[in-house]
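Please look over the sequence and the model side by side before reading on. The paragraphs below go through selected places one after another.

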Amino acid sequence: MTASWIETALTGAHDLVELSIETFEWFIITYFLTLNTIYLVLTILAIVGFTKHIRRISHAGHDDVFANPLTPGVSIVVPAHNEEAGIVDSVRAMLSLKYPKFEVIVVEDGSKDSTFEQLQNHFDLAEIPYAPAENSIPTVGPVQSMHLARSGEPLIVVRKANGGSRADASNAGINVSTMPLVCMVDADSLLDPEALLRVVKPFMDDPKNVVATGGVILPGNGCVVDEGHVVESRIPKGWLARIQFVEYLRSFLLGRTGWSTLKSLLVISGAFGLFRRDIVMAVGGMDTNSVGEDAELVASIHHYMRDRKNRDYRVVFVAEPVCWTESPTDIKVLARQRKRWSRGLAEVLWKHRKMMFNPKYGRIGMFVMPYYLFFELLGPVVELIGFATVTAGVALGLLGGLFDQNWWLIDQKFAVMFGLVAVGYSVVLSVASLTAEEFSFHRLRSWRDFGAAMAAALLENLGYRQLHAYWRLKGLVSWLIQRDSKWGAMPRTGFKKSDKTVAKTTKVTLNVS
Amino acid sequence: MTAGGILVAALLTMAVILLGLTFAAMVRRTSRDLLASLRNKREARIRPMLLSVVTDDEPDLSFLRTFSKKDLRIVESLIWGLLSKVRGSSKQVLVKWLVESGAIGRVCEQTKSRSRVKRARSVELLGSSGIAETASFVADCLHDSDKEVRSVAARALGKFSEKEAVVHLLSALTGPKAIPRSIISMSLLHVGPQAIEPLMDGLLNRSALVRSVCVDMLGIYGAVKATDRLIGCLQLDPSMKVRVSAAGALGRLGSPKGVEPLVRCITVNAPRKLRVAAVASIGQIGGKQAISWLNSAMLDVDSVVSAAAVEALSKMGDEGCIILTELSTMDLPQSLIANQWLSRREINLSSRKRSSREMAGA
């Protein structure tokens, strides 16, 4: 009796899966082909753009940018919440950047730890009156005090009550900035010494049109740091961080370079982005209601430039300058981060839905935003449906054997090969980005690190990718049901210090040619 | 072809690409390390020899005749690198060697190469060498079809420090192959004080962009003799950009002659940018007249102009501070800004005192 009940239930499941397969089969194949064609085009464009860029580095004239009295000043805005572990190192590194005119504005955003005290002790801060300008961006958490470094270094620390978002802290920093360009940097990030020179250059080459630039972000968990600068780039130790290293490389070197070559860049990372201050003020600063405030800012800029200015403009990705950041090593923290990114993307696309499929917004509206909607935001939905369908089909086929039924809906051989092609394509993209990195910047000096990166490119597809799709789906669902989004805490460990820092100071810098 | 067949073909293609990419990366790593090591060994042997020759009273490179072809390639690249760092007889000897070995000729030819990278590299080398006879090759590249080559040529042309380069550089600011202003400006700075006369001639150029760059550069050069011409630009130029540049340049020049024209041309109806630039410049010039005008400007209806006036007063010594201290006690929006600038000034002064004490102690 029980056996026949089970058989009936399984027969029902069989019919359902059969219907699902018939319905989605062509959709999934078309989806897969379209997505991979887009990846292929982006990869080819990225390689072409990248190659051109690399060949020009040697005569790019960055020294002239440094020496030019007309080089625009940069305000580096650093939101900091509970960053006691690495804030002093980060700020020291920023203060020693090779750039003629800049100020560092740390916004201490209601930290519960000793972030402010660390800064106070190391930079000998003195309080000055806070005088907001008339056209300031409103902040949720009020500014409590403002401090200057007595040492004479161009450091301003703004203390404010926590406004519930990183965007609120960024806005407080932008309000206080005095330079024509603002650079948003994470508090746990370490910039290459010449990073600012490189991201500023597009503004000088095309001052009328360039409104924003971004650089590469890489996990620096395994890197060796000396006096706040990365002196030896190493791949992180744990496999989770190693996979993220490969992921970031693929996303930045191939993805963003490709989009930038197409003049269709929609996302500049909040960990390292440079913007014209007047444009940021004009769009009302960063959105404090969004957890994807960095992408939202760029989308707002696109929106604004098309609506109000209606003239040519450019958002540029610069492939060289690296911002080393601490990537999550705990799977729960990583899951929260990816869920937040997915939710942030949903918020941005919804807020700027007017641009979607609207020819007034050019490539951004007609191509880029639809791409992000169908392939980035809804991609995990399709991926998981496909994965679940195939798994159900295989499971039913195996179970059918128990009841002497031929319940095989999936051509096993076809399914395996299709899966291998999907995985293989992803591996090819990752290895292509590692090869591009090898031919250009050669950051992974040791063979061991290179081997680990290659292995991570393979391992990424054995579980991590599926987990990632699940986290992204959760992010989408949390946006759909409008559950309150929170940043959550990421435990900081800071970067590994060089042993040489104890014995002597060396100035070993990365060769990028 | 069946679907299965397509998938098999795709898998095989991917496997080949994957192997190819991995192999290419590994070959690149190995060859790069090997070549770098070989090159470093050669350079380590040759560089001290070259350096000791160029630092001699009578440098002589005849010993290079005994070198192999590979070594001579290293010598050539080292000499190109040394050219911008040496002067006098040492430089002459190096240039002579480059001419006799045909290196200069080869590099000049490469300015016409099909490869844009080669053209850019050769132009850059010629610029760093500063060999006057090659300037025309570099000037020609200002009209190159490639944007990057034009930019490199502009940067290189300034390094010849020739007055004649100014006209070429200014003309490269406009037209379909225009070079960015920032690059031209830096190049004009490399030319040196002999650029001042042609820059003053450039104030009569038809293009507002050219006039604006000339104005900026005259200010950066501190060309006091151009004060009257700059005052003329401030008052009469039809382009607001040029007028704003002129306001900034007068501040840089610091001539008291500039105060009255700056004050006169600023009316309530003048654009904000011009008013702010004028206020900042009046502060830079200083003097009693400046202080008295800034005293009224700090109560301007435009908050940006008043804030600029407060900032300017904070940098004008004790007299400016007295005015700001008085303002800080009033119940006005500018009072808070005045307070802030007074605090900043105090902190800057104490940090300067501390640095002086530390240096004196050291």
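Which residues are linked with D63(A) in a network of salt bridges? The network joins D63(A), K98(A), E194(A) and R198(A). As you look for these side chains, keep in mind that this is a predicted model, and that the structure holds 46 salt bridges over all chains.

P193(A) sits in the loop that runs between β7 (190–191) and α6 (195–205) of chain A, and with a relative accessible area of 29% P193(A) is partly exposed. To get a sense of distance within chain A, the reader can go from P193(A) to L458(A), which is 265 residues away along the chain, and find that the two C-alpha atoms are separated by 33 Å.

Other salt bridges can be followed one pair at a time, and the side chains of E293(A) and R166(A) make such a pair, with a distance of 3.0 Å from N to O. E293(A) belongs to helix α9 (residues 293–309) of chain A and R166(A) to helix α5 (residues 166–176) of chain A, so this pair ties together parts that are 127 residues apart in sequence. Both E293(A) and R166(A) are buried.

A further pair in chain A consists of E460(A) and R250(A), whose closest N and O atoms are 2.9 Å apart in a salt bridge. Because E460(A) lies in helix α14 (residues 447–480) of chain A and R250(A) in helix α7 (residues 239–261) of chain A, the pair ties together parts that are 210 residues apart in sequence.

R472(A) is buried yet has no salt bridge, and the nearest side chain of opposite charge, that of E376(A), is 4.1 Å away. A salt bridge requires the nitrogen and the carboxyl oxygen to be within 4 Å, and for R472(A) the distance to E376(A) is given as 4.1 Å. When neighbours within four places in sequence are left aside, the contacts of R472(A) are R338(A), S342(A), F375(A), E376(A) and P380(A).

K263(A), a residue other than glycine, has a positive phi near 55 degrees, and K263(A) is found in the loop between α7 and β11 (272–276) of chain A. H442(A), although not a glycine, has a positive phi of about 50 degrees, and H442(A) is found in the loop between α13 (412–440) and α14 of chain A.

Turning to chain B, the reader will find 19 helices and 0 strands. Within helix α1 (residues 3–54) of chain B lie both E43(B) and R47(B), 4 residues apart, which is about one turn of the helix. E43(B) forms a salt bridge with R47(B), and the closest N and O atoms are 2.9 Å apart. E43(B) is buried, with a relative accessible area of 14%, while R47(B) counts as partly exposed at 39% relative accessibility.

How does chain B look as a whole, and what radius of gyration does chain B have? Chain B has a radius of gyration of 29 Å, whereas a compact globule of 362 residues would have one near 21 Å. Taken along the principal axes, the C-alpha atoms of chain B fill a box of roughly 80 × 75 × 55 Å. Of the 362 residues of chain B, 48% count as buried, and the accessible surface of chain B comes to about 18600 Å², of which 57% belongs to carbon and sulfur atoms. Among contacts in chain B between residues at least 6 apart in sequence, 60% join residues at least 24 apart. Finally, chain B carries 50 positive and 33 negative charges, and their mean positions are 7 Å apart.

Definitions and conventions. Residues numbered from 1 in each chain as written. Chains lettered and ligands numbered in written order. Predicted model: local features only at pLDDT ≥ 70, side-chain atom pairs only at ≥ 80, totals over all residues. Heavy atoms only, no water. Helix = DSSP H or I, 4+ residues; strand = E, 2+ residues; numbered from the N terminus. Rg over C-alpha atoms; globule rule 2.2 N^0.38 Å. Buried < 20%, exposed > 50% of the residue type's maximum accessible area, 1.4 Å probe, protein only. Contact = heavy atoms within 4.5 Å. Areas by Shrake-Rupley, 256 points an atom, 1.4 Å probe, with all protein chains shown as cover. Lys, Arg positive; Asp, Glu negative; His and termini not counted. Charge placed at Lys NZ, Arg CZ, Asp CG, Glu CD.
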